[in-house]
Amino acid sequence: MDNLLPYKEQQDCIFHGITRIASIDPQELTPELQQIENNMAMAFCLNLWMFNRGLK
C-alpha cells in the first residue's frame, strides 16, 4: 500500500462497507459476509483506537 488513505477517509470507507452489509436481510446473509462485516467492524475499532493513541 503505497498511498494510504487519511484516517477520516479510512473510517468512511470501512463504515460504508459495514452499513452496506448490514442492510442485507439477515436471513440472506452468508457466513462469508458475516465474517467480512465482523472484520470490518474490528478494523473500524482498531483504526479509532490507533488514532486515539496518537499512532496515526
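**Figure 1. Helix H2 from end to end.** Helix H2 has 22 residues, and from its first C-alpha to its last it reaches 32 Å, close to the 32 Å expected at 1.5 Å a residue. That expected span is 1.5 Å times one less than the number of residues in the helix. Helices here are DSSP runs of H or I with at least four residues, strands are runs of E with at least two, and both are numbered from the N terminus. Just after H2, look for Gly54, which takes a positive phi of about 80°. This is a predicted model, where local features need pLDDT of at least 70, side-chain atom pairs count only at pLDDT 80 or more, and totals for chains, interfaces and linings use all residues. Residues are numbered from 1 along each chain as its sequence is written, and side-chain values use heavy atoms, with hydrogens and water left out.

**Figure 2. Two phenylalanine rings meet.** The protein has one aromatic pair, counted when ring centres of Phe, Tyr or Trp (its six-membered ring) lie within 6.5 Å. The centres of the Phe15 and Phe44 rings are 6.0 Å apart and their planes stand at 45°, so this pair is tilted; planes under 30 degrees apart would be stacked, and over 60 edge-to-face. What does the pair tie together? Phe15 lies in helix H1 (residues 7–22) and Phe44 in helix H2 (residues 31–52), so the pair ties together parts that are 29 residues apart in sequence.

**Figure 3. How much of each side is covered?** Phe15 is partly exposed, with a relative accessible area of 48%. Phe44 is partly exposed too, at 24%. Here buried means under 20% relative accessible area, exposed means over 50%, and partly exposed is in between, with a 1.4 Å probe and protein chains only.

**Figure 4. Glu32, a residue of H2.** Glu32 has its place in helix H2. Is Glu32 buried or exposed? With 54% relative accessibility, Glu32 counts as exposed. Between the C-alpha atoms of Glu32 and Phe15 there are 18 Å, while the two residues are 17 residues apart along the chain.

**Figure 5. Stepping back to the whole protein.** There are two helices and zero strands in the protein. Its C-alpha atoms fill a box of roughly 40 × 20 × 15 Å, taken along the principal axes. Of the 56 residues, 16% count as buried.
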